[in-house]
Amino acid sequence: KEEDCKMSENQHGLQRTLKNRHLQLIAIGGAIGTGLFMGSGKTISLAGPSVLFTYMIIGFFLFFVMRAMGELLLHNLEYKSFVDFTADLLGPTAGYFVGWTYWMCWVVIGMADIVAITGYMQFWWPDIPLWLPGIMCISILLSLNMLSVKLFGELEFWFALIKILAIVALILCGVYLIVTGFTGPTGDKAQLSNLWNDGVMPHGFTGFFAAFQIAVFAFVGIELVGTASAETADPHTTLPKAINKIPVRVIVFYVLALSVIMTVTPWSSVAPDKSPFVNMFTLIGIGAAAALINFVVLTSALSSANSGMYSTGRMLFGLSDKKLAPEAFGKLSNSGVPRNGLMYSCGLLLIGVGLLYADGNVMHVFTVVTTISSIGFFFVWTMILLSYIKYRKERPEAHAQSTYKMPFGVPMCYLCLAFFAFVLFLFSQEPDTWLGMKVTPLWFLALAVCYPFYKRNLNK
């Protein structure tokens with residue numbers, strides 16, 4: 001099947017050259033963010049062992065969002081992404097807001113990644129000029145993304161594979177330490193009872209809910225599988241496979257990995273400002289542990305930046321196709337890549353390099369901008385659910401014929417929407433995330449101001 005579809009093109013010119021292994025690893029890469037490697041120390045310190053439920057609850061609701069997206073994408077293969085079905089079902093205005101917001105989210109995350117990559121490079125080369133790693137990263141990833149879709153797939157395949165191997169290695173090492181009754185330098189013994197000795201929810205519901213604000217960042221990008229599905233050779237087979245494995249991935253990559261970390265050492269010993277993965281490998285006496293994990297986290301940031309470039313180019317291409325973005329973004333290169341959209345987005349990523357030279361607390365700035373990005377993702381996920389509700393109302397015959405129906409349908413959509421509203425309420429409880437929430441409406445205001453210009457194009 002893959003051989004027959006190797007270089008087939010859809011009517012808009014995007015190539016269906018991504019294979020099943022590419023989509024599976026893109027889906028895994030989307031589900032494993034840098035938030036797991038770096039942010040999990042903070043979530044553990046806030047919620048203790050109950051953090052496992054935090055990740056399970058978020059993963060549970062996002063699985064149903066992905067199922068809704070999967071049914072919508074497969075009921076009409078003319079849809080190239082969730083922007084297409086949003087525009088079709090909720091109208092071009094909704095498509096305009098979703099497409100541009102999703103684009104903004106990835107540009108902001110890309111800026112954060114550029115800064116993070118610079119920090120990781122300084123681990124090996126402390127005196128490296130601040131501008132060099134970011135420029136190198138953008139140049140290399142842009143060059144590779146410009147060549148072909150297949151190269152993006154290969155890059156993401158290997159980036160995700162490194163992340164998976166690191167987590168599997170952590171789990172295996174942890175199991176070995178528990179079985180052998182390893183005792184660390186602090187006198188703490190590796191044992192399962194560490195999970196409940198100090199209480200499952202040591203800081204009560206306050207700490208449990210506080211962890212949601214950081215944990216949700218780890219899942220950002222999970223919907224990338226929908227953007228990539230437009231360029232797979234056999235979406236009817238590959239998309240359901242990728243989505244159905246999300247619960248397994250959440251259990252293995254989040255629940256199992258963090259359980260191992262909290263059994264080898266009590267949760268109270270996990271430093272909130274350090275990667276618990278580094279501490280684990282240090283415990284078992286691997287001298288190069290810090291360098292090893294630094295490499296893994298670097299590839300994780302590169303993976304995120306690579307996914308961001310891929311998404312932003314495709315979003316601008318799709319918006320241009322619907323006359324909701326400048327016509328230039330609808331041009332494809334000879335190899336079927338939306339070149340102009342890619343170059344424009346990458347140009348904006350250079351702002352991340354500029355922020356490195358900004359005065360003040362850069363990490364504070366990035367907490368605010370990543371909050372803005374997360375709220376943007378909540379908006380996108382909400383629009384996917386609203387599109388599904390409208391689809392069920394207006395196209396019951398399409399749902400009846402669907403081979404990939406969303407479980408629990410419309411009632412589950414409303415339950416997910418209620419969950420999103422609850423998490424946004426939690427965002428309003430912390431100063432940094434509250435500032436991000438107050439700034440976010442400015443983005444939607446800017447989109448509203450620009451919309452009449454594009455509306456004139458639609459009416460021509």
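Where is the place of Phe 408?

1. **The model.** This is a predicted model, in which local features need pLDDT of at least 70 and side-chain atom pairs count only at pLDDT 80 or more, while totals for chains, interfaces and linings use all residues. Residues are numbered from 1 along each chain as its sequence is written, and side-chain values use heavy atoms, with hydrogens and water left out.

2. **The core.** The largest nonpolar core contains 140 residues, and Phe 82 and Trp 100 are those with the most contacts inside it. A nonpolar core here is a set of buried Ala, Val, Leu, Ile, Met, Phe, Trp, Tyr and Cys residues joined through side-chain atoms within 4.5 Å; buried means under 20% relative accessible area, exposed means over 50%, and partly exposed is in between, with a 1.4 Å probe and protein chains only. In soluble globular proteins, nonpolar side chains tend to be buried together.

3. **Helix H3.** Helices are DSSP runs of H or I with at least four residues, numbered from the N terminus. Helix H3 covers residues 51–75, and its 25 residues should span 36 Å at 1.5 Å a residue, which agrees with the 37 Å between its end C-alpha atoms; the expected span is 1.5 Å times one less than the number of residues. H3 is mostly covered, as 20 of its 25 residues are buried.

4. **A nonpolar patch.** Phe 53 lies in helix H3, yet it is partly exposed, with a relative accessible area of 44%. Together with Met 56, Leu 192, Trp 196, Val 200, Met 201 and Phe 205, Phe 53 makes a nonpolar surface patch of about 700 Å². Patches are made of residues with over 30% relative accessible area and no salt bridge, where nonpolar side chains (Val, Leu, Ile, Met, Phe, Trp, Tyr) are joined within 5 Å and like charges within 9 Å; the areas come from the Shrake-Rupley method with a 1.4 Å probe, and for residues only the protein chains shown count as cover.

5. **Residues brought together by the fold.** Ile 167 has its place in helix H7 (residues 149–179) and is buried, with a relative accessible area of 0%. Although Ile 167 and Phe 277 are 110 residues apart in sequence, their C-alpha atoms are 8.5 Å apart in space. Phe 217, in helix H8 (residues 204–219), counts as partly exposed at 24% relative accessibility, and its C-alpha atom is separated by 8.0 Å from that of Thr 370, 153 residues apart along the chain.

6. **Cysteines.** A disulfide is a pair of cysteine sulfur atoms within 2.5 Å, and a search of the whole structure finds zero disulfides. Cys 346 is in no disulfide, and the nearest cysteine sulfur, that of Cys 137, is 9.0 Å away; Cys 346 counts as buried, at 3% relative accessibility.

7. **Salt bridges.** With a salt bridge taken as a side-chain nitrogen of Lys or Arg within 4 Å of a carboxyl oxygen of Asp or Glu, the count comes to three. One of them joins the side chains of Arg 395 and Asp 88 at 3.1 Å, N to O, and this pair links distant parts of the chain, 307 residues apart, with Arg 395 in the loop between helix H15 (362–394) and helix H16 (396–401) and Asp 88 in helix H4 (residues 82–90). Glu 394 forms a salt bridge with Lys 390, with the closest N and O atoms 3.5 Å apart, and both lie in helix H15, four residues apart, about one turn of the helix. An α-helix has 3.6 residues a turn, so residues three or four places apart point the same way. Lys 331 forms a salt bridge with Glu 327, the closest N and O atoms being 4.0 Å apart; Lys 331 is partly exposed at 44%, whereas Glu 327 counts as exposed at 64%.

8. **Phe 408.** To return to the opening question, Phe 408 is in the loop between H16 and helix H17 (409–427). Its phi is near 65°, a positive value in a residue other than glycine, and Phe 408 counts as exposed, at 62% relative accessibility.

Technical notes. Helix = DSSP H or I, 4+ residues; strand = E, 2+ residues; numbered from the N terminus.
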